[in-house]
Amino acid sequence: MSLLVAWQLKDRRVLIVGGGEIASQRMDSILVTDASIAVIAPEHRLNSRARQLIACHHARITHHDRLFLGPSELHNIDMVLTALDDPERSREIVLMCRDARIPVNAADIPDLCDFYFGAQIRDGPLQIMISTNGNGPRLASRIKERLQRALSGGEGEAITKVGRLRTLLKQKAPGIGGDQGRRRMKWMTRLCNEWELEDFAQLDNAMMKSLLEDGWEKDRIPSLQDVGGTCSTRRYHQNFHSTIPLAVGFFVGVFTTALITFFRHRK
Ligand SMILES: C[C@@]1(CC(=O)O)c2cc3[nH]c(cc4nc(cc5[nH]c(cc(n2)[C@H]1CCC(=O)O)[C@@](C)(CC(=O)O)[C@@H]5CCC(=O)O)C(CC(=O)O)=C4CCC(=O)O)c(CCC(=O)O)c3CC(=O)O
Ligand SMILES: NC(=O)C1=CN([C@@H]2O[C@H](COP(=O)(O)OP(=O)(O)OC[C@H]3O[C@@H](n4cnc5c(N)ncnc54)[C@H](O)[C@@H]3O)[C@@H](O)[C@H]2O)C=CC1
């Protein structure tokens, strides 16, 4: 099994060796982070996506038109990803990374990887990774599709707004730990538990202000309506869906009673 972490790559340099389909997928994944990227691969064997990414992100990606030379390529590199059609060379590069104590992923040699990629779902600050620890990559992809269907699509926006609210709250009630920190965490936890996830997406600056004034300052959790929001459609649908079986049961009951009464009267 692996340790699942969200790896921060700010101010880090990632080396991608190879320029084919898998290498271009790696570029996409690393571009989401704040790392700078070096790509070593012969120009004539870059696939169209790799070519496009290198052209569009010249401030982030530096392309070196050559085969991987040796350990000198690893100078000042924090992470290495190999995606080569040459397993022997890939293995050699992994061993060079081991010597240099640089974490490495080789797309074709799971046994030698320090970490794996996984199927990813992204929505704003929300990231979900599905790992099968090398057992079934295609199944990871199918599980991703299942999870995508279960999400509303509003989660990213809700998380962004909660992030902004937490920043405002920390400005209002600063400090790390202590009584203030405990009170802050307790209030945020209560708010996140009591509101529907989608409700947070509605928060604008004015609503955040009144949430902090009427909520945080009075040590209570106002409703979404209290701060000027409207009942979320998701909650409406959930309530609506849970009402359907009750309503059907009620009408079936009324109908059956009416039938019994009707036939009794006819006798
Ligand atoms: C160990 C790992 C190393 C790593 O790359 O980090 C690895 C290794 C290998 N994959 C191979 C094959 C395929 N990989 C995919 C797809 C994905 N592979 C991904 C990750 C990983 N692949 C890591 C483990 C992830 C885990 O935990 O399961 C995903 C999730 C993420 C990503 O690549 O970014 C991405 C789906 C992304 C998405 O759809 O969202 C497909 C299907 C397809 O292309 O649709 C196939 C063909 C069908 C099949 O084999 O299942 C082979 C060749 C096997 C052979 O020769 O037979 C090897 C090497 C080997 O196993 O020896
Ligand atoms: N992890 C995964 O999800 C998957 C991994 N793979 C494996 O990933 C590897 C790469 O696959 P693709 O991108 O489809 O291959 P590809 O054939 O499209 O690209 C290979 C690239 O490596 C470059 N290259 C080869 N030797 C090099 C060297 N010494 N220095 C620099 N660049 C070099 C080539 O110029 C080319 O750009 C394969 O070994 C394949 O088995 C394949 C499918 C899925």
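Q: By class, how many residues of the shell around ligand 2 are nonpolar, polar and charged?
A: Keeping in mind that this is a predicted model, the shell around ligand 2 holds twelve nonpolar residues, along with four polar and six charged ones.

Q: Which residues are closest to ligand 2?
A: Of the 22 residues that surround ligand 2, the closest are Gly18, Gly20, Ile22, Arg45 and Asp108, and the element that gives the most to this shell is helix 1 (residues 21–31), with three residues.

Q: And what surrounds ligand 1?
A: Ligand 1 is surrounded by 21 residues, with Ala119, Thr132, Pro137, Arg138 and Ser141 the closest; by class, its shell has eight nonpolar, ten polar and three charged residues.

Q: Where does the shell around ligand 1 come from?
A: Helix 4 (residues 137–150) supplies its largest share, five residues, and domain 1 (13–117) and domain 2 (122–151) each contribute at least three residues to the shell around ligand 1.

Q: Switching to helix 7, which residues are buried there?
A: Leu211, Gly215 and Trp216 are buried in helix 7, and because the buried residues fall within an arc of 75° when seen down the helix axis, they line one face of the helix.

Q: What covers the buried residues of helix 7, and which exposed residues are on the face turned away?
A: The cover includes helix 5 (155–172) and helix 6 (178–194), whereas the face turned away from the buried side carries the exposed residues Asn205 and Ala206.

Conventions. Residues numbered from 1 in each chain as written. Chains lettered and ligands numbered in written order. Predicted model: local features only at pLDDT ≥ 70, side-chain atom pairs only at ≥ 80, totals over all residues. Buried ≥ 20, exposed ≤ 12 C-beta atoms within 10 Å, placed from the backbone. Helix = DSSP H or I, 4+ residues; strand = E, 2+ residues; numbered from the N terminus. Arc of directions from axis to C-beta. Contact = placed C-beta atoms within 7 Å. Near = placed C-beta within 6 Å. Nonpolar A, V, L, I, M, F, W, Y, C, P; charged D, E, K, R; others polar. Domains from an automatic or database assignment.
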